[in-house]
Amino acid sequence: MLLMALSLMPLANGQESDTSRWRFHLSTGVTAEAGYGRAQSLMWTAPSVTYHASERLTVSGGLAAAGSLLPAGGYTLQGRGERSLAPRKEGTKAGALWVSATYRPNDRLTLWGSVAHVSGYAQPLWLDGAVPIEATAISGGMEYALDNGSMIGMHFQFVHDRYGSLWHPPYGHPWYGPYAPHWEIYSGPWPY
């Protein structure tokens, strides 16, 4: 089946305050998408704060909330299978919290770590009902700059996905296959 997706993403990103040590941010937006015989719209908001404790230590944290804009069920086309009177959640309602720190003991070495937790439920376009989400991720790493312009780095990430629902679309991740975790490895210090 060919996936038809329409994504309208007006985005607002503002910085409320900027001092020498504190930075406050607020991101919010709306998206609309269609495919698999469905259409849905979501809204999110994500405030965050960064504190520069010193030239060597930076601590950040934030939260995010996302939810469906349309009433439960959205605009589902009829005829996609048998009718069922079994109760099920529909739509999306999820929240996340995260905290991270970066420490530079010297000009060559950078250490960082973060913890994130997400919970709630979400309904992808390709499912008839919402699935529960509850996962905790711990990630971090280090980078050491060598004299010749090279760098040695180590990254780690542990994800405890209680329901196993942080998967990719039905055909899997485009590079790693269907069994790779949704929270990917990023280059440099990870935001989550």
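Strands here are DSSP runs of E with at least two residues, helices are runs of H or I with at least four residues, and both are numbered from the N terminus. This is a predicted model: local features need pLDDT of at least 70, side-chain atom pairs count only at pLDDT 80 or more, and totals for chains, interfaces and linings use all residues. Residues are numbered from 1 along each chain as its sequence is written, and side-chain values use heavy atoms, with hydrogens and water left out.

**View 1**
Of its 192 residues, 24% count as buried (buried is under 20% relative accessible area, exposed is over 50%, and partly exposed is in between, with a 1.4 Å probe and protein chains only). As for contacts (heavy atoms within 4.5 Å), take those between residues at least 6 apart in sequence: 54% of them join residues at least 24 apart. The accessible surface comes to about 12,700 Å², and 61% of that belongs to carbon and sulfur atoms (areas are from the Shrake-Rupley method with a 1.4 Å probe; for residues, only the protein chains shown count as cover).

**View 2**
Strand 4 (residues 57-68) runs antiparallel to strand 5 (residues 93-103), and the two pair over eleven bridges (pairing takes at least two DSSP bridges between two strands). Look for Leu63 here: it sits opposite Leu97 of strand 5. Strand 6 (residues 109-122) also pairs with strand 5 in the antiparallel sense, over eleven bridges. In that pairing, Ser100 has Ser114 of strand 6 as its bridge partner. Strand 5 and strand 6 make a hairpin, with five residues between them.

Asp107 lies in the loop between strand 5 and strand 6. With a relative accessible area of 68%, Asp107 is exposed. C-alpha to C-alpha, Asp107 and Arg56 are 9.3 Å apart in space, though 51 residues apart in sequence. Arg108 forms a salt bridge with Asp147, and their closest N and O atoms are 2.0 Å apart (the criterion is a side-chain nitrogen of Lys or Arg within 4 Å of a carboxyl oxygen of Asp or Glu). That pair links distant parts of the chain, 39 residues apart: Arg108 is in the loop between strand 5 and strand 6, while Asp147 is in the loop between strand 7 (131-145) and strand 8. Arg108 counts as partly exposed at 33% relative accessibility, whereas Asp147 is exposed at 68%.

**View 1. A salt bridge between Arg162 and Glu134.**
The structure holds two salt bridges, and in this view the side chains of Arg162 and Glu134 meet in one of them, at 3.4 Å from N to O. Arg162 lies in the segment after strand 8 and Glu134 in strand 7, so the pair ties together parts that are 28 residues apart in sequence. Arg162 is exposed, with a relative accessible area of 53%; Glu134, at 25%, counts as partly exposed.

Val59, Val99, Val115, Ile138, Met154, Phe156 and Phe158 make a nonpolar surface patch of about 580 Å². Patches use residues with over 30% relative accessible area and no salt bridge; like charges are joined within 9 Å, and nonpolar side chains (Val, Leu, Ile, Met, Phe, Trp, Tyr) within 5 Å. Strand 8 (residues 151-161) gives the largest share, three residues. Val99 belongs to strand 5 and counts as partly exposed, at 42% relative accessibility.

**View 2. The largest nonpolar core.**
Val118, Ala122, Ile133, Ala135 and Leu166 are the five residues of the largest nonpolar core (a set of buried Ala, Val, Leu, Ile, Met, Phe, Trp, Tyr and Cys residues joined through side-chain atoms within 4.5 Å). At least two residues of this core come from each of strand 6 and strand 7. Leaving aside neighbours within four places in sequence, Ile133 has contacts that include Val118, Tyr121, Ala122, Tyr163 and Leu166.

Gly67 is found in strand 4 and is buried, with a relative accessible area of 16%. Not counting residues up to four places away in sequence, Gly67 touches Ser41, Leu42, Met43, Thr92 and Lys93. Gly67 and Gly95 are 8.7 Å apart from C-alpha to C-alpha, with 28 residues separating them in sequence numbering.
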